[in-house]
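Here is a short briefing on strand pairing and aromatic contacts. Please keep the structure open while reading.

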Amino acid sequence: GGKGCTQVKDINYFETYSAVAHGNTILYIFSLTALPGCQCWHFDVSVAFIQSKVDPNEPPIYVEPPPGFTQDKQIVFLLNRLLYGMKQSPRGWSLLLNQILTSFGLTRLRTDEAVYILRKPNSSTTPPYPDCTHSEVILILVTYVDDILAFSNSATLVQEFDKHCNQTVKMNLEGICRWYLSVKYDRDPVTGAVSASQELYINKL
């Protein structure tokens with residue numbers, strides 16, 4: 001990984017800001033699964049930062065070769081991709097993720113920049129989404145660095161999104177989300193009631 005502790009602002013990097021979802025936003029999205037035909041899926045991105053390219057508007061990044069690679073101490077490498085530990089890495093991933101999501105048709109919310117939404121009329125979509133019982137298909141994404149929560153009323157739309165993302169980055173669809181950021185979520189299949197539990201966290205205290 002990169003030695004972010006040695007980086008100096010305005011010399012080695014300019015910007016570090018990267019939006020993450022608010023806790024209340026996550027709870028609200030899970031509460032929507034109480035609606036008929038709606039679920040939350042969990043995506044996990046493999047080595048997200050390393051898949052992000054260095055911003056050409058940022059200062060160039062040079063690193064020393066790994067131990068044993070060469071005895072010549074004058075040799076350094078110019079990085080094309082970011083490494084874990086660098087201060088600008090979260091922002092680099094955020095910029096790449098934003099490009100991927102918006103190219104799928106998702107719109108970023110102004111009130112919470114870690115949330116994206118896509119809405120399509122189900123009656124006029126080509127191809128249609130037969131697994132959706134609503135007149136409109138919807139996809140809401142909540143991003144928390146490399147953990148992505150996807151709410152939708154169509155598994156087909158979620159699969160399309162998964163295929164789209166994997167054209168650019170390695171992203172794993174983990175299935176229906178039961179755990180997110182150490183919180184367990186349950187949905188009663190009969191009543192639709194949704195509950196959240198931090199039992200795992202409490203047991204560790």
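**Strands and rings**

Strands β6 and β7 (residues 147–152) run antiparallel and are joined by six bridges. The model is predicted.

**Around β6**
- V142 stands opposite L149 in β7.
- β6 and β7 form a hairpin, with two residues between the strands. V145 sits in the turn and has a positive phi of about 60 degrees.
- β6 also pairs with strand β5 (residues 115–121). Seven bridges join β5 to β6, and the two run antiparallel.
- K120 has V137 in β6 as its bridge partner.
- Strand β6 covers residues 136–144 and is mostly covered. Seven of its nine residues are buried.

**Open sheet**
- Three strands make up an open sheet, in the order β9-β10-β11, with antiparallel pairing.
- Its edge strands are β9 (179–180) and β11 (194–197), and each pairs on one side only.
- Two bridges join β9 to β10 (residues 183–187). Y180 stands opposite V183 in β10.

**Aromatic pairs**
- The structure holds five aromatic pairs.
- The ring centres of F104 and F161 lie 5.5 Å apart with planes at 70 degrees, so this pair is edge-to-face.
- The pair links distant parts of the chain, 57 residues apart. F104 is in the loop between α2 (89–103) and β4 (107–108), while F161 is in helix α3 (residues 155–165).
- F104 and F161 are both buried.
- Together with F43, F104 and F161 form one aromatic cluster.

Key: Residues are numbered from 1 along each chain as its sequence is written. This is a predicted model: local features need pLDDT of at least 70, side-chain atom pairs count only at pLDDT 80 or more; totals for chains, interfaces and linings use all residues. Side-chain values use heavy atoms; hydrogens and water are left out. Two strands pair if DSSP finds at least two bridges between them. Helices (H or I, at least four residues) and strands (E, at least two) are DSSP runs, numbered from the N terminus. Rings of Phe, Tyr and Trp (its six-membered ring) pair if their centres lie within 6.5 Å; planes under 30 degrees apart count as stacked, over 60 as edge-to-face and the rest as tilted. Buried means under 20% relative accessible area, exposed over 50%, partly exposed in between (1.4 Å probe, protein chains only).
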